[in-house]
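Visitor: I would like to learn how to read the features of a protein model. Could you take me through one?

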Amino acid sequence: MPEWSDAPAKIKELGAYWESLSGGAVPERAQLDIAQIKALLPYVMLMELERDPLVVRYRLTGTKIDEWVGINVTGRTLNEFLSGDRTGSSAYLMACYEKCLRTQQPVVGAYDWPSVAGNPLRIWFGIFPFNIDGRLRQMLVVEDFAAVPDDAEPLPWRDPTADET
C-alpha cells in the first residue's frame, strides 16, 4: 500500500486531524467534530463494522462519493458488492478494512477504477479507525479524486439489487 508521503491532500488533511484527536491512538467517535473537517465532508464516508463475519456498512456517504458511485449506498454494505465487482476494487477495499481493524491503524491506499472510455482512473483513499466505548466500531474514510481528469466519466457501480434488463 502507498506510503503517507505519497497521499494526496485530502487524505493528509484527514490524517492530521485524526492524529490530533489522540496522538495516533484510535480516538473515540465522540471526539470527532465534523466542523473541523467541513471541506472534506463531500468526500467522506462513515463506515460501521460488524464482526464474525466482517460486514462493512456504509452509514453515511458524502455527495461526491454518491456522485462517483452513481448511486447512494448509505445503509448498504460493501460485502453485497463483492460478487458483482468487475474491477476487484471491492475485494481490495475489504482487505484494507480488515487490515485497519486488525492493526488499529489508518490504512492509505489507491485503486484504479475504469472509466466509460476504458481508461483507468486512480482513486486514493484513507481509512481512519474510531472506537465506540473503547472498541473499534467505525471508520471514517476519505476518497481523493484529484488525479482524475475533470471530464472523466467513471464506469458506474453494478448494483446487485437492480434489475438487469
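Guide: We will go through backbone angles, strand pairing, pockets and salt bridges in turn. This is a predicted model, in which local features need pLDDT of at least 70, side-chain atom pairs count only at pLDDT 80 or more, and totals for chains, interfaces and linings use all residues. Residues are numbered from 1 along each chain as its sequence is written, and side-chain values use heavy atoms, with hydrogens and water left out.

Visitor: Let us begin with the backbone. Which peptide bond is cis?

Guide: As a general idea, most residues other than glycine have a negative phi, and most peptide bonds are trans. Here, the bond from aspartate 52 to proline 53 is cis, with omega near 5°. Proline 53 belongs to the loop between β1 (44-50) and β2 (55-61). Helices (H or I, at least four residues) and strands (E, at least two) are DSSP runs, numbered from the N terminus.

Visitor: Where does glutamine 104 lie, and what is its phi?

Guide: Glutamine 104 sits in the loop between α3 (89-103) and β3 (107-114). Its phi is positive, about 55°, although glutamine 104 is not a glycine. With a relative accessible area of 36%, glutamine 104 is partly exposed. For these classes, buried means under 20% relative accessible area, exposed over 50%, and partly exposed in between (1.4 Å probe, protein chains only).

Visitor: And is aspartate 133 buried or exposed?

Guide: Aspartate 133 counts as exposed, at 75% relative accessibility. Aspartate 133 also has a positive phi of about 55° without being a glycine. You will find it in the loop between β4 (120-132) and β5 (135-144). That hairpin of β4 and β5 has 2 residues between the strands.

Visitor: How many bridges join β4 to β5?

Guide: Two strands pair if DSSP finds at least two bridges between them. β4 and β5 run antiparallel and are joined by 9 bridges. Within this pairing, proline 129 has methionine 139 in β5 as its bridge partner.

Visitor: What about β3 and β4, which way do they run?

Guide: They run antiparallel, with 8 bridges joining them. Glycine 109 has phenylalanine 125 in β4 as its bridge partner. The hairpin of β3 and β4 has 5 residues between the strands, and there glycine 118 takes a positive phi near 95°. β4 itself is mostly covered, with 10 of its 13 residues buried.

Visitor: Now to pockets. What is the volume of the largest pocket?

Guide: Rolling a probe the size of a water molecule over the atoms shows where empty space is left. On a 1 Å grid over the protein atoms alone, a pocket is an open set of points where a 1.4 Å probe fits, with protein on both sides within 12 Å along at least five of seven lines; lining residues have an atom within 4 Å of a point. Grid points are joined across faces, edges and corners, and a volume is the space filled by probe spheres set on the points. The largest pocket comes out at about 260 Å³. Its lining has 10 residues, of which Lys64, Glu67, Trp68, Phe145 and Val148 lie nearest the centre.

Visitor: How do the residues of that lining divide?

Guide: There are 7 nonpolar, no polar and 3 charged residues. Ala, Val, Leu, Ile, Met, Phe, Trp, Tyr, Cys and Pro count as nonpolar, Asp, Glu, Lys and Arg as charged, and the others, Gly among them, as polar.

Visitor: Which residues line the second largest pocket?

Guide: Among them are Arg29, Leu32, Val44, Leu60, Thr61, Gly62 and Leu140. β1 and β2 each supply at least two residues of this lining. The lining divides into 8 nonpolar, 2 polar and 1 charged, and the volume of this pocket is about 170 Å³.

Visitor: Finally, how many salt bridges does a search of the whole structure find?

Guide: Side chains of opposite charge can pair when their charged atoms come close. A salt bridge is a side-chain nitrogen of Lys or Arg within 4 Å of a carboxyl oxygen of Asp or Glu. The search finds 4 of them. One of these joins arginine 59 and glutamate 48 (3.3 Å, N to O). Arginine 59 is in strand β2 and glutamate 48 in strand β1, 11 residues apart.

Visitor: Which residue forms a salt bridge with arginine 57?

Guide: That is glutamate 50, with the closest N and O atoms 3.2 Å apart. Arginine 57 is partly exposed at 27% relative accessibility, and glutamate 50 is partly exposed at 34%.

Visitor: Why does the pair of aspartate 112 and arginine 122 tie together parts that are apart in sequence?

Guide: The side chains of aspartate 112 and arginine 122 meet in a salt bridge (2.8 Å, N to O). Aspartate 112 lies in strand β3 and arginine 122 in strand β4, so their pair ties together parts that are 10 residues apart in sequence.
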